[in-house]
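Subject: Structure handover and notes

Dear colleague,

I am passing on the structure below, and the notes after it set out what was found. Please read the two side by side.

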Amino acid sequence: MKKILIVDDDESIVEALKNALEMEGYHVKTALDGREIFTAIEGFGPDLIILDVLLPGQDGQEVCRNLKTSKTTKYIPIIMTSAQQISKKVITAYGADDFIAKPFTVSKLLAKIKTNLR
Amino acid sequence: MNLRNNKKSLKSLNAKDARDILYKTIAWVINEPFVILNKDLTIELANKAFLKLFKTTKEKTYSQYFYDVIGGQFNTSEIKNFLIKIFHQSFRSQTFKLESHFKQLRGKTMELKGRLISSSQGTQLILIAFGDLTEKKRFTEELKHEKEFSRQVIDKSIDGILAFDLNYRLTLWNPGMERIFGLGEKEVLGKYVYEVVHFSKEKKRDKFFFNPHSGRKVIHRERPYFVAKTGSYGFFEANYSPLKDASGQLIGGLGVIKDITEHKMTEDKRRRTEDALKGSENKYRDLYESSRDGIVRTDIKGRILECNRSYAEMLGYSKKEIKKLTYRILTPLKWHKMEEKIAKNQIIKRGYSDIYEKEYIKKDGTVFPVSLRVWLVKNNQGKPEGIWGIVRDITEHKRIDEALRESEAKFRSVMHSAHDAIISTDSAGKIIFWNKGAEVIFGYNERETFGKTLAFLMPESYRLWHREGLKRVSTTGKDNLFGKTIEMQGLRKDGSEFPLELSLALWKMGEKVFYTGIIRDITERKELERRKDEFISMASHELKTPITSMKIFTEILQKIFEKNKNRQTTRYLSRIDEQIDRLTNLVNDLLDVSRIQSEKLSLRKEWFSLRKLIGETVEIFQATTETHKIILRGQMRERVFSDKGRISQVLVNLLSNAVDYSPKDSKIIVTIKPRKNEAFVSIKDYGPGIAKKHQEKIFDPFYRISETGVKNRPGLGMGLYIAASIIKHHGGELGVKSIEGQGSTFYFMIPINVS
C-alpha cells in the first residue's frame, strides 16, 4: 500500500483529501505545518508528499527545497498545491515534481499521484 | 733777365711790355696767393694775396730766398723735394702738388701747386700757387658729419623718406617707409616706385604723382595708397621735392611720407558724426513732438513754458491750457516735499536728477503714476533759468508689474504649497529652488540645500547614475528621462530611505539650462500597492481554500451515493459541483480584474499551436453544449509564443458568450487564419447583435447591457474586460463587429513568430 503524506494548514482540506485518498486505497498521514513535517516523514516514510505552498511558520516552498536537498528525502516525489497560479519554472526551481492549482477535482489529483508514483 | 729791370722799363712802353704789365697786374690782384721763383730760389715775383698770407711786404720778399720768406713755416726737406721734382720733371708744364701744414699760419694746411714756366726771355721760372686747404678740409669733414646726420635723420625718422632717380627707380627707402608700407628696403630698392606702392586702389600705373623735372616742390594731402604685395591700404600725406647732387645737377626726387590712415579714419568719423548731428538738428523738433514721453520746460518757478503733445495728452489738457499751469498744481501734495528735496540735492547741485517716480493729476482729477528725469536749464550768465523734464506715464507698466508680482507670488505660493517636492537646479546640478514640499519630504530646509548638488538626496547606489545622467545631458542636451516619470529611492535627512516618483523637466532661460524635478513621496502608495497585492494573494487563498475542500467533499459524497445508486442525490451533488465551479470562476475573474487594474497580470508564454488549442477548446466546449453547433474553419501552421492558459481563457469566454447570447440550435462559427504577422481568430454567433452604442463599452470593466426585452445573463461584466486585457497584454487586439438583428462577430489578433 502506497503511503502519502498530506501537508496543508487547512484542516478541512486535509480531512477531505485524507478521506478521498483513503477511499482510493492509499495509506495517508497528515501534517498541518512545516514543523511537523520531518517527524512525520521519519516515522511514516511516505512514497509521495502533497505539499501546500503557503504554510504557517515555514514557507511550503522552503520546506520543499529542504526536502529536495536532504539525502533521505530527495527521492520522494512532491506535488505542490496552491490557490494561486504558479509557473512551472517556479515549481521546478523549488524542486517540486508536480503542481496542482486549488480548487481541483479528486480525479485530476489521483491522475497526478499515479504519474508521480510510477 | 731780371724782373726788376722790366719794372723799371715800364716807362718805355711797347705792346709787348704793355701785355706784360697787364699780366702782372692781374697776377697782383688775383685772389689765389702765388709766387714765382728764379732758378736760384730767390723770389722773382709774389702777388698781393701771397704777401697778405705771409704777412710780409714786397720789399721783404722780392729777391729774397723763398725759404727765408716762408722759412720755418713748413717742413724744409718736404719743400726741397717738391722743388726738385719740379726742376727735374720729365714733361713740361706738369703740375706738382704738395700738401703741407703751416704752423705759423695758424696751423693752416696749404696746398702748394708748382710748375715750371718760362719767362718771355726764355728763362725757366717756378710758379708756386698756394691754396688754403683748411676750409676745404673743414668742409669735407663737415660734409662727412652732415652725411652721417642725414643718414640718422633718414633712419630714425617716423616719417617715411624715399628717393628715386629720374627713371623713378627707388634709391632710398627708410625704415619709416617700411613701417608704413610693410616692405623692406631690400625688397624695393631699384624697383619702380609704382611697382611697389600704388597710389590708388586700382592697380593701373598711376598718373605719376610727382615730376622732378618740374623743379618745384609738391605737397600731396590725403592720398590713398595700396600695397600690391601685402594688400594693405590707407592714406598718406607727402612732400616731394626735386633731388640734386652737390653740383646742382637734378638726379631725381625726394619724398617725405606721413601715414595719416588712422587720423583720416577718426577724422571721417568725426565728420560723419557732425553731418549726422547737423541732420538730426532738424529732427529734434519732430522727435520732440512725436515722442511718446512727455517733454516739458518750465521756468524757475515751475510755470510751464512749453511742452510736447504727449505731455499735454497725458494730463488731459490742451497745450494752451497747460501753459497756464505750474508743475506743482499738476502734482499731488504728498510728492511736493520729495520733489523739493530732489531739486535741492540733485538738480541744483549737479544739473540733473536721477530717474524718479511720482504721480500727476489729470485734468479730470485722476491720479496716475509717472517716472521722470529733470535737467536744469541755465541762462547765458550761467544762472538757473528753469528745467527740462522728460515724463513717462507708467500706469500700464505699474499694472503689469503688479500683475507680474501677483502671478509670481501666486506661482510661488503654488510651488510652496504643493505637496510634491519641487526642486530646480542649474545646469551643474546645483539646487536653486527648494519648496516646502521638498522640505517636508526630505527634511532639509531651503537654506540647507541651496547651492548643493542633488547627490545627497539619494542613496549611494543612485549617485553614479545621477552623475552620469547629468554629464550626458550637459554634453548632448538630451535625455530620455525628460517628460517621463521614474521610480527610485530617496534619502531623507534622518538617513532613512523611501520610494519616490520623479518627473524631470528641462527649461531654458536665454542660454542657461535649468532642470526641475517634481518628486512625490510614494511610500504610502507603495504600501497600498503592497497591501493590495497581499490582499489578492490572501483573497485567492482564503476564498479558494474552502472551495477546495467543498469540492473534494462533494466528490467523495458523489462517489458514495453513486455506489449506493442514489441517483437523485447524485444529481443534486453534481449541481453543487457545478455551482462550486461557477463560484471558482467568479473568484478567478475577480482576482484577474484586480491583477489587471494593479498591472500585475503576468503571462507565462510558451510556443504552441494556436490551431490545435482552438480545436481542443471547441471540442471540449461542444461536448458540454448540446444546444449549439460549433463549426471550426480555417488552418494555421504557424505557432504562437503566448500564454496558452490565458488564450484558452479568452476562447472559453468568447464561446460561452456566443452560446449564451444566441438562440438555441443556431450555429457558432470559429475561424482561424494567419494574416500578415498575426493570427486572426473570430467567433461568430447568430444572436440579436449588439447595438452600436454598447459596442465600445462592452470591454469596460463591470459594464452590463441592461435593456428591456433582452434576457440578462448572470455575471459581473468582467469576462470581456479580462479577455480584452489578456489579448492586449499579448500585443494584440480584441474587437467586435455587430449589426443588430444579425449576430455578432468577436475577433482577436495576436502576433505570431514573435518571442
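Helices (H or I, at least four residues) and strands (E, at least two) are taken as DSSP runs, numbered from the N terminus. This is a predicted model, in which local features need pLDDT of at least 70 and side-chain atom pairs count only at pLDDT 80 or more, while totals for chains, interfaces and linings use all residues. Residues are numbered from 1 along each chain as its sequence is written, chains are lettered from A and ligands numbered from 1 in the order in which they are written, and side-chain values use heavy atoms, with hydrogens and water left out.

Chain B contains 24 helices and 28 strands, and of its 755 residues 39% are buried (under 20% relative accessible area, with exposed over 50% and partly exposed in between; 1.4 Å probe, protein chains only).

Beyond its neighbours within four places in sequence, L610(B) is in contact (heavy atoms within 4.5 Å) with residues including M636(B), I672(B) and I750(B).

The buried residues of α21(B) include L610(B), L613(B), I614(B) and F621(B).

L716(B) lies in the loop between α23 (692-695) and α24 (719-729) of chain B, and it is partly exposed, with a relative accessible area of 41%.

Best regards
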